[in-house]
Amino acid sequence: MLNIGMTELLAFGIIALLVLGPEKLPEAARFAGRWYGKIKRMVSNVQADLDRELRLSELREQMQQEMARIQELEQKMQAQMHELQQHKNFADNALQEHANTHNKNLSTQYFFIEQAPSLVLTRQPERPACFCQITEQPESPVQSSYPELKVAV
């Protein structure tokens, strides 16, 4: 704080002894020591507060940089998710178009189930058996031994 060497202290002591005298010198030294201690504590508190504020501002700056980086990563993730959703939709549409164009030229075969005459098993010959469909035919007033067949394209 104050760069006072030993020679300056000795000079102050001699001047104080001459001005104050030997009776008031110890009391004046205590008074000066108290004020020196108060001033030193006050200066150290101000320095600590300034250091704390500087560290706090640095932390705020780092936090803002990290938040900006997180937001940038979030935007990238959203863009990638949107791109993946578009690819999925494109693939679904392409698969649906492929299925529609190939299914138009295929014939549908119907098989009757003898235990339940109102149920029909539908299968496309070029497709595996997992693409079979069982549909229930509505009751008609004129019921024959086999239900009426309806073909849907």
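A salt bridge here is a side-chain nitrogen of Lys or Arg within 4 Å of a carboxyl oxygen of Asp or Glu. By that rule, this predicted model holds four salt bridges. The legends below visit some of them, along with other spots worth a look.

**View 1. The whole chain, for orientation.** Welcome to the protein chain, which contains two helices and three strands. Following the sequence, the elements come in the order α-α-β-β-β. The chain has 153 residues, of which 5% count as buried.

**View 2. Helix H1 and the glycine that comes after it.** Helix H1 covers residues 6-20, 15 residues in total. From its first C-alpha to its last, helix H1 reaches 21 Å, close to the expected 21 Å at 1.5 Å a residue. Look just past the end of H1 for Gly21, which takes a positive phi of about 90 degrees.

View 3. Ala16 belongs to helix H1. Ala16 counts as partly exposed because its relative accessible area is 23%, and buried would mean under 20%. How far apart in space are Ala16 and Ala28, C-alpha to C-alpha? The distance is 8.7 Å, while in sequence the two alanines are twelve residues apart.

**View 4. Arg52 meets Asp49.** In this close-up, the side chains of Arg52 and Asp49 join in a salt bridge, with 3.0 Å from N to O. Both residues sit in helix H2, which spans residues 25-104, and they are three residues apart, about one turn of the helix. An α-helix has 3.6 residues a turn, so residues three or four places apart point the same way. Arg52 is partly exposed at 48% relative accessibility, and Asp49 is partly exposed too, at 38%.

**View 5. Arg69 meets Glu66.** Here is another salt bridge, between the side chains of Arg69 and Glu66, at 2.6 Å from N to O. About one helical turn separates Arg69 and Glu66, because they are three residues apart in helix H2. Are these two side chains' residues buried or partly exposed? Arg69 has a relative accessible area of 46%, so it counts as partly exposed. Glu66, with 39% relative accessibility, is partly exposed as well.

View 6. Lys76 and Glu72 are four residues apart in helix H2, about one turn of the helix. Lys76 is partly exposed at 46% relative accessibility, and Glu72 is partly exposed with a relative accessible area of 43%.

View 7. Arg30, Arg34, Lys38 and Arg41 together form a positive surface patch. One of these residues, Arg30, has its place in helix H2.

View 8. Which residues make the nonpolar surface patch of about 680 Å²? They are Phe31, Trp35, Ile39, Met42, Val43, Val46 and Leu50.

Definitions and conventions
Residues numbered from 1 in each chain as written. Predicted model: local features only at pLDDT ≥ 70, side-chain atom pairs only at ≥ 80, totals over all residues. Heavy atoms only, no water. Buried < 20%, exposed > 50% of the residue type's maximum accessible area, 1.4 Å probe, protein only. Expected span 1.5 Å × (residues − 1). Patch = residues over 30% accessible without salt bridge, like charges linked within 9 Å, V, L, I, M, F, W, Y side chains within 5 Å. Areas by Shrake-Rupley, 256 points an atom, 1.4 Å probe, with all protein chains shown as cover. Lys, Arg positive; Asp, Glu negative; His and termini not counted. Charge placed at Lys NZ, Arg CZ, Asp CG, Glu CD.
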